[in-house]
Amino acid sequence: RERERERERERERERERELRLSGVLRSIIVSLRPYQWYKNLILFLGIIFSGNLLDPSLWGTLLLAFLAFCILSGSLYIFNDIKDIERDRLHPKKRYRPIAAGDLSPTIAIPIATILIISAVVLGFAINPAFGALCLVYLLISSSYTTYLKNYAIVDAIVIGAGFVVRAAAGCAAIDVRISSWLILCVFLIALVLAFGKRRQELLTANTSRACLTEYSVPMSENFLNLSVSLLLMSYALYCVSINEALLITLPFALFGVFRYVQLVHLDNFGGNCERILVDRPSVMNLILWVILTAFILYGGFL
């Protein structure tokens, strides 16, 4: 009878260990923020706009590159959460993040994130040296942003834009293709539009989790947003002219997509959750039509 009770206690301890392990694993996955990985889809710009979308030999390499960037960017989110742990605990939403909520200890998170970052960079260099170097550049930019640069208004948005540009360049480097510099500029300006839209939302909700907000105002963020939108649409039009004038047919869809985002920023305080654009029906329908028309022009021989 005593041996039976001992076996039962052992089984109970084993179940507790399994629950703790599964809880830690779940907290790590949540801290990697998989819902933010859609930003890494920018890596696919290179294969699409270089005319190599239908080349199956490039897709395996590109998917590995996408995986490397998802691991790298997700791991950097963990370090960001550790640095901002006290500030996040005062935020109405961020306080539920695993590290801020106490579900994941920094003593566990730091070595795991470090291993993941090293693995992502090693995978990057295994793909090719240029892509690996851009992984290091992204690591440097993101680390600088997390530790220092995000505290300075305007600089924070520019650094975010630089991170998006590195993603686009990395996608090209992974499969050794080139795309128009105008398109790269569009990527940078899209990031600025999203960044200033988010700053506006944070100011309107009296969000105190970001130090640089004291150097912004709502009118200032709106002016920066409007300027970024103007530059973005002008750059896209110039890209269309420089590559294939038939792409100008897609300009109305680009206009609608950008204007719809600005409309939602003002009417629905949309800026703080950019991913919500992916569930906005008019935006999704417009994006689908833009993709179909662009693919037809680039790959259908439309003149």
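View 1. The model is predicted: local features need pLDDT of at least 70, side-chain atom pairs count only at pLDDT 80 or more, and totals for chains, interfaces and linings use all residues. Residues are numbered from 1 along each chain as its sequence is written, and side-chain values use heavy atoms, with hydrogens and water left out. Arg33 sits in the loop between helix H1 (2-31) and helix H2 (45-49). Helices are DSSP runs (H or I, at least four residues), numbered from the N terminus. Phi of Arg33 is near 50 degrees, a positive value in a non-glycine residue. Most residues other than glycine have a negative phi.

View 2. Asp176 lies between helix H8 (155-175) and H9. Its phi is positive, about 60 degrees, although Asp176 is not a glycine.

**View 3. Arg199 in helix H9.** H9 covers residues 181-204. Arg199 is buried, at 1% relative accessibility. Beyond neighbours within four places in sequence, Arg199 has contacts (heavy atoms within 4.5 Å) with Tyr145, Asp156, Ile160, Arg210, Cys212, Leu213 and Tyr216.

**View 4. Trp182 in helix H9.** At 31% relative accessibility, Trp182 is partly exposed. Which helix supplies the largest share of the nonpolar patch? H10 does, with four residues.

Conventions:
Helices (H or I, at least four residues) and strands (E, at least two) are DSSP runs, numbered from the N terminus. Buried means under 20% relative accessible area, exposed over 50%, partly exposed in between (1.4 Å probe, protein chains only).
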